[in-house]
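Please look over the sequence and the model below before reading on. The paragraphs that follow go through a few places in the chain, one after another.

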Amino acid sequence: MTPSGVEQISNNDEMKYRKEIKNLRTWYQVNNLSLHVSKTMELVIDFMERGTVHDPIGINDAEVKMVESFKYLSVNITNHLSWTNRIEAITKKARQHLYFIRRLRKIGMSSMIPTNQYRCTI
């Protein structure tokens, strides 16, 4: 697992956050690692009622892409910390499995085959 820059921004003071990103970049250099800015994403979680605009981060003269959600270790994380994306992904997967079971039942398979299919996939 690679380190990630996590810092709280309070009173619109991003200095600690920017310093953390600089420390992260230094850590990569010290450990002879390269940071792929094209694969790097920034997710800002902001609970303020009025949305605060944050300046994008620049690393190695390239701008880091700011995203509203991303998938990390099979979990979708959004900037509002909602579970909507995760629930939609699970629902989609369940529908795909149930569709196959319904097709087996529709073509007249014995009830044991769809039951075994369910037990194998769930």
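Where in the chain does Leu81 lie? In this model, which is predicted rather than determined by experiment, Leu81 lies in the loop between E6 and H2, where strand E6 covers residues 75-78 and helix H2 covers residues 84-106. Is the residue buried or exposed, or something in between? Leu81 has a relative accessible area of 46% and is therefore partly exposed, because that class takes in values between the 20% under which a residue is buried and the 50% over which a residue is exposed.

The surroundings of Leu81 come next. When residues up to four places away in sequence are not counted, Leu81 touches Ile45 and Phe47. Leu81 and Ile45 are 36 residues apart along the chain, and yet the model places their C-alpha atoms at a separation of 7.6 Å. Ile45, Phe47 and Leu81 together form a nonpolar patch on the surface, and the accessible area of this patch comes to about 320 Å².

On one side of the loop that holds Leu81 is strand E6, and Thr78 is found in this strand. With a relative accessible area of 6%, Thr78 is buried, because the limit for that class is under 20%. A polar atom of the Thr78 side chain lies 3.0 Å from the backbone nitrogen of Ser82. If neighbours within four places in sequence are left aside, Thr78 is in contact with Leu43, Ile45, Glu68, Ser69 and Asn85, and Ile45 is also one of the residues that Leu81 touches.

After H2 comes Gly108, a residue whose phi is positive, near 95°.

Another loop, the one between strand E1 (41-43) and strand E2 (58-59), holds Ile57. How accessible is Ile57, and does it count as buried or exposed? Its relative accessibility is 6%, so Ile57 counts as buried. Leaving aside neighbours within four places in sequence, Ile57 is in contact with Tyr17, Arg18, Ile21, Glu42, Ala62, Glu63 and Val64. The C-alpha atoms of Ile57 and Met41 are separated by 9.7 Å, while the two residues are 16 residues apart along the chain.

Key
Residues are numbered from 1 along each chain as its sequence is written. This is a predicted model: local features need pLDDT of at least 70, side-chain atom pairs count only at pLDDT 80 or more; totals for chains, interfaces and linings use all residues. Side-chain values use heavy atoms; hydrogens and water are left out. Patches are made of residues with over 30% relative accessible area and no salt bridge: like charges are joined within 9 Å, nonpolar side chains (Val, Leu, Ile, Met, Phe, Trp, Tyr) within 5 Å. Accessible areas come from the Shrake-Rupley method with a 1.4 Å probe; for residues, only the protein chains shown count as cover. A salt bridge is a side-chain nitrogen of Lys or Arg within 4 Å of a carboxyl oxygen of Asp or Glu. Helices (H or I, at least four residues) and strands (E, at least two) are DSSP runs, numbered from the N terminus. Buried means under 20% relative accessible area, exposed over 50%, partly exposed in between (1.4 Å probe, protein chains only). A polar contact is a pair of N or O atoms within 3.5 Å; within protein, one must be able to donate a hydrogen and the other to accept it, and residues adjacent in sequence count only if both atoms are side-chain atoms. Contact means heavy atoms within 4.5 Å.
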